[in-house]
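Subject: Structure handover

Hello,

The structure is below, with notes on what turned up in it. Please look through it before reading on.

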Amino acid sequence: MWSVASRLRSGDHLQAITPSLSEQGIFMLKLTPAERSVFRAEAHALNPVVMIGEAGLTAGVLKEIDLSLNSHGLIKIRVFGDDREARIEMYETICSKMDAAPIQHIGKLLVVYRPQKEAEKERTGTSGRGMREVTIVKPSPSGTKRPSVTKVMVKGNERVTQGGNIKRAKPRQSSAKKSSLGSR
C-alpha cells in the first residue's frame, strides 16, 4: 500500500493526477477515488502542520500552507472554529489557491495533497566518492587465535591494501604532451 502512495508522489502515475478546470474556472487537481483512498490512509498517521485560528485564512496562513505543501506534499490542517460552513469555504479556498486536491474533511481537520516539485540537484565542480565503511580482517600473529576484525571509515581517495593498511591514492600522472593538447 505504501509503494502505491510513493509511486503516486513520484509522478510516475500522472494520467489521473492532471489539472482539470473546475466549475469556477480555477485549476484544481483531480484524483481518482482509489488515489484519494491511498492518501487518506497515509494521512491517518500525520499530525496537523498548520493551525488556522480565529483570524481565519490570512496571507500568513496561506504562505505556511504553501511551504508545507512544497516540503511534504500531503498535509493536515486543523481549524479552530465551530462554524462548519466557514470550514468548508476555507477548504475550498485552500484547494483552489494552492492548486491542491482535497483529500478529506473530518470535523476540524482538513487533509490536502499537492504533488511535490522535484528540485534539481546541482552538482559541485568536484566529484568523487564520499566516506564509506570498510571491514578489515587481520589474522592473529600466532595463527591460533581468532582474527581481529575492525571497521574503519575510508575517504573516497583512500584504499585498503592487502595487509589491511589504509593508503591515500596517488594523484594521476599526466604527461606534458597530453596536457598541451587538451588546452587547445
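Helix α4 has 14 residues and spans 20 Å from its first C-alpha to its last, close to the 20 Å expected at 1.5 Å a residue. Please keep in mind that this is a predicted model. Within α4, the buried residues include Arg87, Met90, Tyr91, Ile94, Cys95 and Ser96.

Just after α4 comes Asp99, with a positive phi of about 50°. Most residues other than glycine have a negative phi. Asp99 is not a glycine, yet its phi is positive. Asp99 lies in the loop that runs between α4 (84–97) and β5 (101–106). Is this residue buried or exposed, or something in between? Asp99 counts as partly exposed because its relative accessibility is 41%, which falls between the 20% limit for buried and the 50% limit for exposed.

Next, the nonpolar cores. The largest one has 17 residues, and those touching the most other members are Ile52, Ile65, Leu69, Ile77, Ile94, Met98 and Val112. At least two residues of this core come from each of β3 (50–52), α3 (59–72), β4 (74–79), α4 and β6 (109–113).

Ile65 is worth a look on screen. Leaving aside residues up to four places away in sequence, Ile65 touches Val50, Leu57, Ile75, Ile77, Ile94 and Met98. Of these, Ile94 is also one of the buried residues of α4.

Regards

Terms used:
Residues numbered from 1 in each chain as written. Predicted model: local features only at pLDDT ≥ 70, side-chain atom pairs only at ≥ 80, totals over all residues. Heavy atoms only, no water. Helix = DSSP H or I, 4+ residues; strand = E, 2+ residues; numbered from the N terminus. Buried < 20%, exposed > 50% of the residue type's maximum accessible area, 1.4 Å probe, protein only. Expected span 1.5 Å × (residues − 1). Core = buried A, V, L, I, M, F, W, Y, C linked by side-chain atoms within 4.5 Å. Contact = heavy atoms within 4.5 Å.
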